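Take a moment to look over the model below. We'll walk through its open spaces and then through a couple of its helices.

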Amino acid sequence: MRDREALATWWYSRLAVFVVSFASLWMLGDTTAGDVPSYLSRWDQWDAHLFLDLAKYGYRGYRTKTTDVHLEAFFPGEPMAMRVGHALTGSWVAGALLVSAVAGAFAMVALSRLGELDGGGVVGSRAVLYLVLSPYAVFLAAGYSESLFLAFALSSWLAARRGRWLAAGLLAGGAAFMRIDGLFLGVALAVEWLVTSRPYRWRTALPLVAPWVVTAGFFGYLWSVTGDSHAWFDAQRDGWGRKLTAPWTAWHTTWSAAMSPGQGSAYEWSFRAELLAVVLGVALTVLLLAMHRWGEATFVGLQVVALGCSAYYLSVARATLLWFPLWLLLARASVSRPWLHKAYLATAPALMAVAVVTFTSGRWVG
């Protein structure tokens, strides 16, 4: 029954995203009815377009087929899934949307079950509701890797909570095929194993190396394709300006961008959201540590450190989608604080709708 409720929440939220994006396509377009662009074309934006180029041409061929560069910064799981989606739909963009929709359904069921373990069915239901209404939930609908990563990562964590370490490790390996965050998940699972598996049976921990094996295999493949043993790191630096720096330098750089009167309004809004997301991430990590939720604190904390020590904050606000402890704790808190539930429902859907319109209009969201 709870699984059905989680799925219903997910699919109704997909309907909401469709309504907002389709209506805005017609109502906000400065054109005639005959020249309104196709619905699918509005989802071929930003990283979704880059993932599609990788799906079409691969790491070996994209440089000769497109003007895009540094696509080695993206992991191969999402592009490979897009190929399957294309085979099923005959459309690259529709296939990408299908992948996110199906993966998101699996992710929401796993999140709901984690919530039940945390505090009962209400917690599971609300955690799903809060996530799908997140201000950045548009990235769960678009052809981005968040939904696919969450499908593997949440299922992995659920398996770990149930003591099924073989499944947890293999699923974490799948998550590592999607994003670098799979490594952080692998470390968090190791911590969770150390905390919960006494007396230790070291053989059960062996599957937890899967994320490291998958990531090393991907890096090795890039090395064979590019001749650069640091191809992923170089692509991050050259394509997006990401490089290791002191956290106070990253904060100052982002703060300056967020407070500059000459900054584009959408970018200034986004940079301010990035600053808030880092503060939220630090606070969430401290709270999880205080609650002795060591594995979850490791998962969130490693992401905050990695993103907070980049040259400037980029996609930290979007990364909140991956911080599943945030949604679980928010759901638990809302049970005893009804005002919190009402406040979230009064603000988050509006921000989510704005983000959907912004993204499908080709403007920067985060």
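The second largest pocket has a volume of about 510 Å³. A pocket here is an open set of points on a 1 Å grid over the protein atoms alone, with protein on both sides within 12 Å along at least five of seven lines, while a cavity is a set where a 1.4 Å probe fits but cannot get out. Lining residues have an atom within 4 Å of a point. For volumes, grid points are joined across faces, edges and corners, and the space filled by probe spheres set on the points is what counts.

This is a predicted model, where local features need pLDDT of at least 70 and side-chain atom pairs count only at pLDDT 80 or more, while totals for chains, interfaces and linings use all residues. Residues are numbered from 1 along each chain as its sequence is written, and side-chain values use heavy atoms, with hydrogens and water left out.

Back to that second largest pocket: 19 residues line it, and P135, Y136, W269, A273 and L351 lie nearest its centre. Helix 13 and helix 17 (338-360) each supply at least two residues of the lining; helices are DSSP runs (H or I, at least four residues), numbered from the N terminus. Helix 13 gives the most, with eight residues. By class, the lining has 15 nonpolar, three polar and one charged residues. Here Ala, Val, Leu, Ile, Met, Phe, Trp, Tyr, Cys and Pro count as nonpolar, Asp, Glu, Lys and Arg as charged, and the others, Gly among them, as polar.

Now for the largest pocket, which has a volume of about 1100 Å³. Of its 42 lining residues, I180, W232, Q236, R242 and L307 are the closest to the centre. Several elements give two or more residues to this lining, including helix 2 (46-65), helix 9 (181-196) and helix 13 (265-290). Which helix gives the largest share? That's helix 11, with five residues. The lining divides into 26 nonpolar, seven polar and nine charged residues.

What about closed spaces? A search of the whole structure finds one cavity of 30 Å³ or more, and the largest cavity has a volume of about 30 Å³. Among the residues lining the largest cavity are W43, D44, A48 and V93. Helix 4 (92-119) and helix 2 each give two or more residues to that lining, and the largest share, three residues, comes from helix 4.

Next, follow helix 10 (residues 210-226). Its 17 residues reach 24 Å from first C-alpha to last, close to the 24 Å expected at 1.5 Å a residue (the expected span is 1.5 Å times one less than the number of residues). Its buried residues are A210, P211, T215, F218 and L222, where buried means under 20% relative accessible area (1.4 Å probe, protein chains only). They sit on the same side of helix 10 because they cover an arc of only 130 degrees around the axis, taken from the directions from the helix axis to the C-beta atoms. What covers them includes helix 2, helix 8 (165-176), helix 9 and helix 11. After helix 10 comes G227, whose phi is positive, near 75 degrees.

Finally, find W327 in helix 16 (residues 324-336). Buried or exposed? W327 counts as buried, because its relative accessibility is 5%. Leaving aside neighbours within four places in sequence, W327 is in contact (heavy atoms within 4.5 Å) with A127, Y130, L131, S134, T320, L321 and Y344.

Conventions. Buried means under 20% relative accessible area, exposed over 50%, partly exposed in between (1.4 Å probe, protein chains only).
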